[in-house]
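Hi,

Here's the structure I promised to pass on.

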Amino acid sequence: MLNRRVSISLRLTLWFGAIFLSGWVLFGAAMWMTLKTTLKNERRLTLERRIDRLEVLLQTDSAENEADRAQDFKDFAHATGNGLAEILRADGTRAYPSPSPLALNFPWPPVSPDTPEQLIHVSDADQPYWVLGRPFSLGGRQLYLLAAAPEAGNLVVLESFRRGLLASVPMMLLISSAGGYWLSRRALRPVDRITATARSISIRNISGRVPVTATGDEIQRLAETCNDMLGRLEASVNQIKQFTADASHELRGPLSFTRTIAEVALKNPRIDAESRRAFEDIVNETANAALLLDDMLTLARADAVPFSIPLQPLDLSSLVSEVCAMARPIAAERSLGLEVSRPSSAVSVLGDAPSLRRLLWILLDNALKYTNPSGRIAVSLVAAPGSATLQVADNGIGIPPTDLPRIFDRFYRADPSRGMVEGNGLGLAIAKWIADSHRVELKVTSEESKGTAFRMTFATVNG
Ligand code: ADP
């Protein structure tokens with residue numbers, strides 16, 4: 001669910017941020033552990049050196065008496081480790097008096113005759129200490145030398161390291177997310193380009209291809225695969241178009257032959273009434289089928305060579321008047337009012353007169369078909385500086401909003417018109433193709449049971 005809503009670049013950013021942060025945390029933890037071990041080893045070395053020097057002191061003092069030794073030990077302990085040292089006998093009792101009250105009350109670890117050298121962690125008054133103990137024999141006596149050092153210094157270093165690490169997390173998160181976003185946007189930019197181009201390719205411009213950048217990566221392969229697929233689709237579509245054109249063309253002959261036979265038969269005065277009706281039906285149906293074939297052929301040709309109509313200056317105003325004059329008797333026959341308003345002067349546009357006549361006739365024919373008797377059809381041509389808007393409006397049955405986006409599709413007929421009114425669903429597809437060829441957008445607005453209006457705005461030229 002989340003995957004479907006979140007863009008790839010955002011997901012990559014989150015992943016990048018999460019992985020970078022985990023790496024940073026792992027690296028920080030490893031550094032912290034290393035620092036801790038290094039500091040502990042450092043402390044051990046310090047304590048070892050201190051006990052080494054104590055051994056040397058006790059050996060060189062071997063000629064002296066015990067009281068002097070005790071004094072020397074006390075001086076040594078104060079000079080080296082804040083008085084934190086002890087010399088114990090094998091039974092754990094002190095061989096010499098404690099050099100300081102701190103040492104006296106210090107929780108030294110218990111020793112026995114066979115205690116080996118060891119580094120132990122102890123706490124005194126909530127303060128952590130490292131204690132190094134080492135067995136030592138002096139003049140046949142078994143002693144145990146102890147020295148301690150506070151760990152607090154180490155902990156301060158470790159704590160400030162940890163704080164620094166934590167404080168850097170938001171900054172690292174920001175940097176890694178920004179870096180991740182930048183990288184993913186950069187990596188996905190070619191995909192956006194491919195998407196935009198692929199979206200713009202339709203059956204009308206199927207020869208278009210997505211851009212291929214020679215990067216040798218997955219994106220290049222994706223673009224090439226898309227182009228291969230488009231190539232195959234184009235070949236199939238061309239085959240279908242060719243088939244439609246050929247089929248329409250080939251069917252015309254037998255159809256007109258059938259019609260001619262029926263027309264000839266109708267001329268015979270001796271045929272009975274039933275046969276006459278049958279032949280009349282054949283003439284009508286073949287006439288409709290011929291119109292359908294003509295429309296299919298027109299569209300097949302339009303597909304083969306888009307924008308193939310040659311344009312030249314013509315007077316749109318007189319063209320409107322001409323076509324409306326053809327519609328007037330049909331409107332009268334169906335008790336429909338036909339209002340025509342157009343400038344009396346010429347409105348010069350670039351166009352092809354037969355195609356524009358056909359377009360206007362398709363719109364008018366629809367208005368006549370889909371408006372109930374005593375309805376009203378209004379054709380208007382309004383000229384403005386540099387442009388002229390042609391509109392065909394009616395107050396007929398209208399088009400349901402769900403059908404509106406599809407009425408320009410081939411063979412599409414909105415539900416109420418199916419079966420009730422004659423038609424093949426190709427008229428508006430042809431009208432749209434003619435408008436497109438004139439670089440004009442054919443717009444429609446409609447409200448069910450209220451009416452429909454088709455509108456086009458042409459650029460005018462100085463005729
Ligand atoms: P058709 O041969 O069915 O008229 P078109 O391509 O000319 O085919 O029109 C497609 C469909 O659009 C029609 O079937 C009809 O449902 C709808 N339509 C077109 N013009 C109008 C109009 N003026 N009023 C209502 N519906 C219309």
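Below is what turned up, starting with a helix and moving on to side-chain pairs. Keep in mind that this is a predicted model.

Let's begin with helix H6, which covers residues 218-267. With 50 residues at 1.5 Å each, H6 should span 74 Å, and its end C-alpha atoms are 73 Å apart, so the two values agree. H6 does bend by about 30° at Arg-252, and Pro-254 follows within four residues. At the start of H6, a side-chain oxygen of Asp-217 comes to within 3.2 Å of the backbone nitrogen of Ile-219.

Glu-234 sits in H6 while Arg-209 is in the loop between H5 and H6, so the pair ties together parts 25 residues apart in sequence. Are the two partners buried or partly exposed? Glu-234 counts as buried at 19% relative accessibility, whereas Arg-209 is partly exposed at 31%.

In total, the structure has 17 salt bridges. Among them is Lys-432 with Asp-436 (3.2 Å, N to O); these two are four residues apart in helix H10, about one helical turn. Shared partners also join Asp-52, Glu-55, Glu-117 and Arg-134 into one network.

Now the rings: there are five aromatic pairs. Phe-16 and Phe-20 have ring centres 6.2 Å apart and planes at 20°, so they count as stacked. Both belong to helix H2, four residues apart. Elsewhere, ring pairs link Phe-106, Trp-108 and Tyr-129 into a cluster.

Cheers

How values were computed:
Residues are numbered from 1 along each chain as its sequence is written. This is a predicted model: local features need pLDDT of at least 70, side-chain atom pairs count only at pLDDT 80 or more; totals for chains, interfaces and linings use all residues. Side-chain values use heavy atoms; hydrogens and water are left out. The expected span of a helix is 1.5 Å times one less than its number of residues. The bend at a residue is the angle between axes fitted to the seven residues ending there and the seven starting there. A polar contact is a pair of N or O atoms within 3.5 Å; within protein, one must be able to donate a hydrogen and the other to accept it, and residues adjacent in sequence count only if both atoms are side-chain atoms. Rings of Phe, Tyr and Trp (its six-membered ring) pair if their centres lie within 6.5 Å; planes under 30 degrees apart count as stacked, over 60 as edge-to-face and the rest as tilted. A salt bridge is a side-chain nitrogen of Lys or Arg within 4 Å of a carboxyl oxygen of Asp or Glu. Buried means under 20% relative accessible area, exposed over 50%, partly exposed in between (1.4 Å probe, protein chains only).
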